[in-house]
Amino acid sequence: MVRKIDSATRIPVPGGKVIDEYVGRVNSGDDRVSIAHMTAPPGWDEPAQTPEFAEYTLVLRGTVIVEHDEGTTEVAAGQAFACEPGEKIRYSCGPEGAEYIAVCLPAFSPETVNRAE
């Protein structure tokens, strides 16, 4: 079945980051995958997490910084980053902020992101 998704649902988060979910639990009712457009302000960061889903991130503008068990990876515009379920990661961005697309399999949920307190 073909479904057109006319718009995103803005998901409120602290720290100034904007999440516009196009496909996922909130906007389209999909639990198999989520696709969201993110915009993070300069210097944004969030707590470490150990998600129960795979996450694929495509950076459109700026730099996303990913801290993980093997070190730190800077992902610039035009590059992507992938992580598997159960990997501990922490996202932040550089001084110019970042705009990126995140795809999660299965779909993102607050209950399965497992953010550090």
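This is a predicted model: local features need pLDDT of at least 70, side-chain atom pairs count only at pLDDT 80 or more; totals for chains, interfaces and linings use all residues.
View 1. Look for Asn114 in the segment after helix 1. Most residues other than glycine have a negative phi.

View 2. Gln49 belongs to the loop between strand 3 and strand 4. Is Gln49 buried or exposed? With a relative accessible area of 3%, Gln49 is buried, because buried means under 20%. Setting aside residues up to four places away in sequence, Gln49 touches Val113, Asn114 and Arg115, among others. Glu55, Glu87, Lys88, Ile89 and Tyr91 are also touched by Gln49.

**View 3. The cis peptide bond between Leu105 and Pro106.** Follow the backbone from Leu105 to Pro106 and you will meet a cis peptide bond, with omega at about -10 degrees. Most peptide bonds are trans. Pro106 sits in the loop that runs between strand 7 (89-105) and helix 1 (110-113).

**View 4. Ser34, a buried residue of strand 3.** Ser34 is found in strand 3, and its relative accessibility of 4% makes it count as buried. What lies 3.1 Å from a polar atom of the side chain of Ser34? It is the backbone nitrogen of Phe108. Beyond residues up to four places away in sequence, Ser34 touches several others, including Glu21, Val23, Gly24, Ala102 and Val103. Cys104, Ala107 and Phe108 are touched by Ser34 too. For a sense of scale, Pro85 is 51 residues from Ser34 in sequence, while their C-alpha atoms are 14 Å apart in space.

**View 5. His37 and its polar contact with Glu99.** His37 is part of strand 3, which covers residues 34-40. Which residue has a side chain joined to that of His37 by a polar contact of 2.7 Å? The partner is Glu99.

**View 6. Tyr56, a partly exposed residue of strand 4.** Tyr56 lies in strand 4, residues 54-68, and is partly exposed, with a relative accessible area of 34%. Once neighbours within four places in sequence are left aside, the contacts of Tyr56 include Phe81, Ala82 and Glu84. Tyr56 is also in contact with Ile101, Ala102, Val103 and Leu105. Ala40, by comparison, is 16 residues away along the chain, and its C-alpha atom is separated from that of Tyr56 by 17 Å.

**View 7. Stepping back to the protein chain.** Now zoom out to see where these residues belong. The chain has 1 helix and 7 strands, arranged along the sequence as β-β-β-β-β-β-β-α. Its C-alpha trace spans about 40 × 30 × 25 Å along the principal axes. A compact globule of 117 residues would have a radius of gyration near 13 Å, so the 14 Å of this chain agrees. Of the 117 residues, 39% count as buried. Among contacts with a separation of 6 or more, 63% come from residues 24 or more positions apart. The chain exposes about 6500 Å², with carbon and sulfur atoms supplying 55% of it. There are 10 positive and 19 negative charges, and their mean positions are 6 Å apart.

Conventions. Residues are numbered from 1 along each chain as its sequence is written. Side-chain values use heavy atoms; hydrogens and water are left out. Helices (H or I, at least four residues) and strands (E, at least two) are DSSP runs, numbered from the N terminus. The radius of gyration is taken over C-alpha atoms; the globule rule is 2.2 Å times the number of residues to the power 0.38. Buried means under 20% relative accessible area, exposed over 50%, partly exposed in between (1.4 Å probe, protein chains only). Contact means heavy atoms within 4.5 Å. Accessible areas come from the Shrake-Rupley method with a 1.4 Å probe; for residues, only the protein chains shown count as cover. Lys and Arg count as positive and Asp and Glu as negative; His and the chain ends are not counted. The place of a charge is taken as NZ of Lys, CZ of Arg, CG of Asp or CD of Glu. A polar contact is a pair of N or O atoms within 3.5 Å; within protein, one must be able to donate a hydrogen and the other to accept it, and residues adjacent in sequence count only if both atoms are side-chain atoms.
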